[in-house]
Structure formats: structure tokens, C-alpha cells
Amino acid sequence: MSSRIKAIIFDMDGVLIDAKDWHYEALNKSLAIFGLTISRHEHLVTFDGLSTGQKLNMLSKTYVLPDSLHGFINKMKQQYTMDITHQLCKPVFHHQYALSKFKEEGYGLAVASNSIRNTVKTMMEKSCLIEYLDFYLSNQDVKQGKPDPEIYNLAISKLGLKPQECVIIEDNENGLRAANASGAHVLKVETIHDVTYDNIKSFIMEAECNA
């Protein structure tokens, strides 16, 4: 492949999986055990794209939420997320088409998510996308989650490429900060419906023309 861009790295939630509401509902269900809730607006504006651990650390500064409860709440949140995932996560044709086409064309493909490893694995399996990926990374593979660029730096390194040879697809502010800090080309999408072969291919062609 003669293309200057050789790989595409996808965020997962809000990019390949329409899971923003799943994480919101699972976290609130876990917090409700202790009489706490967060609004949907607060989740989207403040917490979108952060790991559960990061969210709980921020909540402890805002609410009377003892650090000693973080482990239990996190465990419950992951269980609730899995319950919802098994109910709702399913293949999306335009994603399968896009990833299969890029795979055929020789692009490296990876997922770099702020979710835990088991969540990434389960969602990629249930969406039937895992077969197209070279690898996937979770927040358990790095010391610093997004908005720190560590996970994207690691993905680029594992692909054996330079940042300018990669496109990162992101949807939220924290993820975009991490992606931009990595030095890769960054395609911002609003919803999972924007993640199509044509949209990504057009972005790649434009990025290569401007290189």
C-alpha cells in the first residue's frame, strides 16, 4: 500500500459502539445504592470519555463519596454495563463494511478505549468487529487514561508506525485531547453513524493531500 496513512485507531464508546447511555445508566444505578445520581447533561459535559475510576475520583471531590466505596461502586458499574451490553450490543452493518474494506486494503486497525479490558473485548465480540482488529487496548493497558495521550502513543507504537501515519477517530472532548496530543491525524465524529467507509476514506485522502 503506497498510502502515507497506514492505520486507523478507533475509540470505542460513541464511535464504534453506541454505549454512552449504557455507561450513564450503569454508573447511576451503582451510585443510587448510596443515594447519589448524576444528570445526563453532567455526564455528557463533564464525564464523557473518562474511565469509571476517573469519574469516581471527580465525584468524591464534588459529593460526600468516600474513597473506600470506589471499589464496590466500580465493580457494580462494570456488572451493570455487562448486563446492558449483553442485551443491546449487536453488529452494525456499516461498521462491519468499513472495517472489512480497510482490512482488505491493508490498513492496520486498532481500538483504544478508556473502558476496562473485559468491556472492550465483549463489545468488540458482540458487534462482530474483533476479527478485523490487529489488537485492542483498554484503560488497564496504560497508567494514565484519556485525556492523557498514553493509550494512543502505545497504539501507534504497537502498530510500528509514526503518528503522522495514523488516523484516530474520536467523539468526545477527553478523547480528542488525547488524540490530538499524540500527533496523529484526528477525525472527530458526532455519532456512530458518522463512522462510515466513505467518511473515513475521504478524511484519509484529504489528510494525505495536505501532508
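In which loop does Pro147 lie? In this predicted model, Pro147 is found in the loop that runs between strand 3 and helix 7 (150-159). The peptide bond that joins Lys146 to Pro147 is cis, with an omega of about 20°.

Cys128, which is placed in the loop between helix 6 and strand 3, has a positive phi of about 60° although it is not a glycine. Most residues other than glycine have a negative phi, and most peptide bonds are trans.

Five strands form an open sheet in the order 3-2-1-4-5, and their pairing is parallel. Strand 3 (135-137) and strand 5 (185-188) stand at the edges, and each has a single partner strand, so one side of each is left without a neighbour in the sheet. From one strand to the next, the twist averages 25°. Within the sheet, strand 1 (residues 7-10) pairs with strand 2 (residues 108-112) in the parallel sense, over four bridges, and Phe10 stands opposite Val111 in strand 2. Helix 6 (residues 117-126) packs on this sheet, where it touches strand 2 and strand 3, and the direction of helix 6 makes about 140° with that of strand 3.

| Pair | Angle |
|---|---|
| Helix 6 and strand 3 | about 140° |
| Helix 1 and helix 2 | about 115° |

Helix 1 (residues 20-32) packs with helix 2 (residues 40-47) at an angle of about 115°, and their axes are 11 Å apart. Angles of 65 to 115 degrees count as roughly perpendicular, which means that helix 1 is described as roughly perpendicular to helix 2. The crossing of helix 1 and helix 2 is right-handed. On the side of helix 1, the contact is made by Lys20, Asp21, His23 and Tyr24, while helix 2 contributes Arg40, His43 and Leu44. Sorted by class, the residues in the contact of helix 1 with helix 2 are two nonpolar, two polar and three charged.

How values were computed:
Residues are numbered from 1 along each chain as its sequence is written. This is a predicted model: local features need pLDDT of at least 70, side-chain atom pairs count only at pLDDT 80 or more; totals for chains, interfaces and linings use all residues. Side-chain values use heavy atoms; hydrogens and water are left out. Two strands pair if DSSP finds at least two bridges between them. Helices (H or I, at least four residues) and strands (E, at least two) are DSSP runs, numbered from the N terminus. Axes are lines fitted to C-alpha atoms, for helices over the stretch in contact, and angles run from 0 to 180 degrees between N-to-C directions. Contact means heavy atoms within 4.5 Å. Angles under 35 degrees count as roughly parallel, over 145 as roughly antiparallel, 65 to 115 as roughly perpendicular and the rest as oblique. A crossing is left-handed if the near helix is turned anticlockwise from the far one by less than a right angle, and right-handed if clockwise. Ala, Val, Leu, Ile, Met, Phe, Trp, Tyr, Cys and Pro count as nonpolar, Asp, Glu, Lys and Arg as charged, and the others, Gly among them, as polar.
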